[in-house]
Amino acid sequence: AGVFRTTPGASNSEGAGLLRDGRIVQAEVLSQSADGTLVLAIGRHTVPAESELRLDVGTRFTAQVEAEGAELVLRVLVEPSGDGGELLRALRAVVGEGRPLGELLFEAAETLRSAAERHELPPALARLRTALLAQVFDPAHGGEGLRTLLFAAGLAHEATLAAVLAGRAGRPELERARADLKALLLLGLAAAEGDAPLHEALARALDGLEAEQLVNLARERTGEALVFSFPLADGERWATARLLLPDRRAREEGEEERERSLRLTLGVELSALGPVRADLTLAPGTLFVRVTLVLPEVLAR
């Protein structure tokens, strides 16, 4: 009974982009008719649906999107209990519309640029703008450049502070945490008080970064591979590249040194090429690369 089926109009609704197979969404009932048709609010968007459930207007629930042929179904999820519930609640608080991190950081950088054209930015915002531009990966910088970029993203911000408090890290690590992107976003938010558009753009960027942190924490707890997202220049905008890293413990279990290999997956969706995925396997002395494309016209080229 806990099923909501989207109506034909859902594919053209404001929230259609949110309804991707497998996605977890938070929904609220905006209106319901006697015939079972209703309107749901997901994020700031509305989605028409139908269900045998009779819920009061204002009822909120969590559901998972499932694709059944050409039809999209929202299946109501039971709230978890125990330790996982706190993590899930924290994650839902920052997931928002699920926009890619690169898009959110680009929006923040563009809003800062517009503000800089109107007036001189306070030091905290000027520093944040520089840090945001530095987060765009330049392939010419190679692996070391990517390593530096990921360390500066603030993904380990709280873990670093906890290590300092526990005496496992010292002044150098603390200074790096004070200068990472998350710290600068927090300072920028305080400095942007009074400028509503800028404050909202920075808040969305911070939510996106925290969502990346919390999703990886959930992956780590369930033994899944970690995924690190970072911006990549895509014409005049920024795409989001995602690097999937296998769990180090899983790689090393039962493997001799000479037999060890490393597998990585890099995915990115570019405006001119569409989705591109590269699977890389590094074995002793050999690198295997498999590139997967989706658009037939791109594959033909």
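A word on ground rules. Residues are numbered from 1 along each chain as its sequence is written, and side-chain values use heavy atoms, leaving out hydrogens and water. Because the model is predicted, local features need pLDDT of at least 70 and side-chain atom pairs count only at pLDDT 80 or more, while totals for chains, interfaces and linings use all residues.

Let's start with H2 and H3. Helices here are DSSP runs (H or I, at least four residues; strands are E, at least two), numbered from the N terminus. Helix H2 covers 101–118, and helix H3 covers residues 123–134. Their axes lie 10 Å apart, at an angle of about 135°. An axis is a line fitted to C-alpha atoms, for helices over the stretch in contact, and angles run from 0 to 180 degrees between N-to-C directions. H2 and H3 are therefore oblique to each other; under 35 degrees counts as roughly parallel, over 145 as roughly antiparallel, 65 to 115 as roughly perpendicular, and the rest as oblique. The crossing of H2 and H3 is left-handed, meaning the near helix is turned anticlockwise from the far one by less than a right angle. In contact (heavy atoms within 4.5 Å) are Leu105, Ala108, Ala109, Leu112, Arg113 and Ala116 of H2 with Leu125, Leu128, Arg129 and Leu132 of H3. By class, that is eight nonpolar, no polar and two charged residues. Nonpolar means Ala, Val, Leu, Ile, Met, Phe, Trp, Tyr, Cys and Pro, charged means Asp, Glu, Lys and Arg, and the others, Gly among them, are polar.

H3 also meets helix H7, residues 181–191, with axes coming within 9 Å and crossing at roughly 145°. This crossing is left-handed. The residues in contact include Leu125, Leu128 and Leu132 of H3 and Leu181, Leu185 and Gly188 of H7. Here the classes are ten nonpolar, one polar and one charged.

On to H7 and helix H8, residues 196–221: the axes come within 10 Å and cross at roughly 150°. That makes H7 roughly antiparallel to H8. The crossing is again left-handed. Among the contact residues are Leu185 and Gly188 of H7 and Leu206 and Leu209 of H8.

So, how many cavities of 30 Å³ or more are there? The count comes to one. A cavity is a set of points on a 1 Å grid, over the protein atoms alone, where a 1.4 Å probe fits but cannot get out, and lining residues have an atom within 4 Å of a point. Leu105, Leu181 and Leu209 are among its lining residues. Strand E7 gives the largest share, three residues. The lining has ten nonpolar, two polar and no charged residues. Thanks, everyone!

Methods:
1 Å grid on protein atoms, 1.4 Å probe; cavity = no way out; pocket = protein on both sides within 12 Å on 5 of 7 lines; lining within 4 Å. Points joined across faces, edges and corners; volume = space filled by probe spheres on them.
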